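Hello,

Here is the structure I promised to pass on. Please open it first, then read my notes below.

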Amino acid sequence: KSLLGKSRPTRFGSLCCRSSAPRLALRPLSTRPRASMTVPPTSTRSAMGVILVSCGSVAPARQLIDSGNTRWPSCPHFCPDSFIGDGYCDQTCNSAACLYDGGDCGHDGGFEPYTCSGCTALGYVWCPGAALCYAQPSVSRPGDSDMCPYSAWVNSSGCDSKYESISDPLYEPNQWAYDLINVEPVWASGVTGAGVTINIVDLGPDHTHPDFEYKYDSEASCPRSEINIDNHGTTCAAIALASANNECSRGVAYDANLSKCSFRENSLEEMMSLHSPYALETNMISSNSWGVVPCSELDVERRSRFRRLQTCPFAPVAVVGTSPCDSCTDSWLPGSCDSTILEYCTNPYNYEADEECAEWTHLWTECSFQHLNPLQVTYFMRGVHSGRSGLGIVYVFAAGNGHGEGDDVNHQLFQHDRFTYFMR
C-alpha cells in the first residue's frame, strides 16, 4: 500500500499505489516517449548523506513468478520486460499473463496473479504463506522453505473461500504479512490503533492522500514538513496506518493518526518531537526508516571541528605517558599529530580519563560511527522521560538494508542508542 496519489492503480514494488504523486524517474529503456517509471523504495542515498531504508516488506505475491524475473512465463516474448510497469500502456503486454502491462493499462484484473484464484487461473500454483505464485512449487529462495514447504502449495481447489466475501483486492496478497505478525486477532479484539498518533520521520509522506484522510495532525507535525512529499515516506506511513477502506489493503494500525517530520526540512531537535509541547504530548511513536551514511557525516563534522580548534583539546596531564598537548602544539588538523594521539588515546586509562579521546576513535577503528553527541542524546531522553505525560515516546529505527555489505547496528548512531529501538 504505497498510496501515492489519486489516479488509477499501478504496481509499485510490493504495494498498491496511485501514480499521480512525485516519482523517481529512470531513463526509459525504449527510444519512444514513455512515462517515468515508478520504482520501489529500496535503500537509496540522498545528497545529504541519508540512507532511505526500504519499507516495502508487505508484499503482494512478492511480484514475480521467477526469482529475479519481471514477467510470467506465459507472457509472450514480444512483450519486453522493459515495457511492464513503466507507466505506459503497451497493448502487446495487455494480458493477464503480462500482468496487464504491470497495471499500466488500468485493467481491473491487473491484480489477479497476486491472489490464489488469479494465480491458479493462469495454471500456476499458489503458496498462501508467502503470497508466491510459481509455475511449480519452489523453495529456492532464502526463507521460502520455511514459509512455503512443498506441502503448502495449492491449486485452484485449495484457495481459501473467505476472500470471496472480502472486497479489498489486495487483502489476500498481504495476508502472509498479517499472519507473520499475527495481527488479525489483535484487530478482532478491537485494537486497531485508535487514539494513537504515529510520527513518520522521513521524506514525505503525502498527507493529502485519501488513505490518510481525517488522520493528519498538523499541530503534532514538524514545521515546514508539509512542503516535502516523497514516495518513500508515503509507503512507510501506509504500511503503518493507511485506512481500512477496502481499496489497497490496510495499515497495521489502520485507525491510528498521522503526524510527520522531514529530515530534509527539520532539525533533529524538531524531529524528536521537541518543536512544541503539543507534539511532545501527542506523538506516541516516532517511526524512522532512514539512517546516516556510515562515517561520512561524522568525518565532515570532525574535520570542521578540528579546523576550529585554537588550543589543545586534550587533558594537559596524561594518566599514562605524556599528553598530546606536550608535542602537538602547531596544528590539530587530521593527520598532523595522529601517531601521538593514537598512542595516547589507545591506552585504556587515558581514554577513560580524557573525554576528548572519543572524538579520535577513527584513528584505530574502521569507523568512528559509534555514538550520538550528548545534546542529541538529550533530545531522545526528554522524549522518553517526558513525552505523553511521562509515558514516553517510542523511538523506532530501521536496522537497515546493509547487513550483506557489513553494516552493523552496534556501530550505527541512532540504532544503538539506549533510548531507541531498532527493527528489521
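Helices and strands here are DSSP runs, numbered from the N terminus. Please keep in mind that the model is predicted.

**Surface patch**

Is Val 252 buried, exposed or partly exposed? Val 252 counts as partly exposed, because its relative accessibility is 33%. Val 252 also belongs to a nonpolar patch on the surface, together with Leu 180 and Ile 181. The three residues have about 270 Å² of accessible area together.

**Disulfides**

How many disulfides does a search of the whole structure find? The search finds eight. A disulfide is a covalent bond between the sulfur atoms of two cysteines. My notes cover the following pairs.

*Cys 116 and Cys 159.* The sulfur atoms of Cys 116 and Cys 159 are 2.0 Å apart, and the two residues form a disulfide. The torsion about this S-S bond is about -80 degrees, so the disulfide is left-handed. Cys 116 lies in helix α2 (residues 116–121), and Cys 159 in the loop between α3 (144–147) and α4 (175–181). The pair therefore ties together parts that are 43 residues apart in sequence. Cys 116 is buried, at a relative accessible area of 2%. Cys 159 is partly exposed, at 22%.

*Cys 127 and Cys 148.* Here the sulfur atoms of Cys 127 and Cys 148 are 1.9 Å apart, in another disulfide. Cys 127 is in strand β5 (residues 125–127), while Cys 148 is in the loop between α3 and α4. The bond therefore ties together parts that are 21 residues apart in sequence. The S-S torsion is about -95 degrees, so this disulfide is left-handed. Cys 127 is buried, with a relative accessible area of 0%. Cys 148 is buried, with a value of 0%.

*Cys 222 and Cys 261.* A disulfide joins Cys 222 to Cys 261, with an S to S distance of 2.0 Å. Its torsion is about 80 degrees, so the disulfide is right-handed. The pair links distant parts of the chain, 39 residues apart. Cys 222 is in the loop between β7 (197–202) and α6, and Cys 261 is in strand β8. Cys 222 counts as buried, at 1% relative accessibility. Cys 261 is buried, at a relative accessible area of 0%.

Best wishes

Key
Residues numbered from 1 in each chain as written. Predicted model: local features only at pLDDT ≥ 70, side-chain atom pairs only at ≥ 80, totals over all residues. Heavy atoms only, no water. Patch = residues over 30% accessible without salt bridge, like charges linked within 9 Å, V, L, I, M, F, W, Y side chains within 5 Å. Areas by Shrake-Rupley, 256 points an atom, 1.4 Å probe, with all protein chains shown as cover. Salt bridge = Lys/Arg side-chain N within 4 Å of Asp/Glu carboxyl O. Buried < 20%, exposed > 50% of the residue type's maximum accessible area, 1.4 Å probe, protein only. Disulfide = S-S within 2.5 Å. Helix = DSSP H or I, 4+ residues; strand = E, 2+ residues; numbered from the N terminus.
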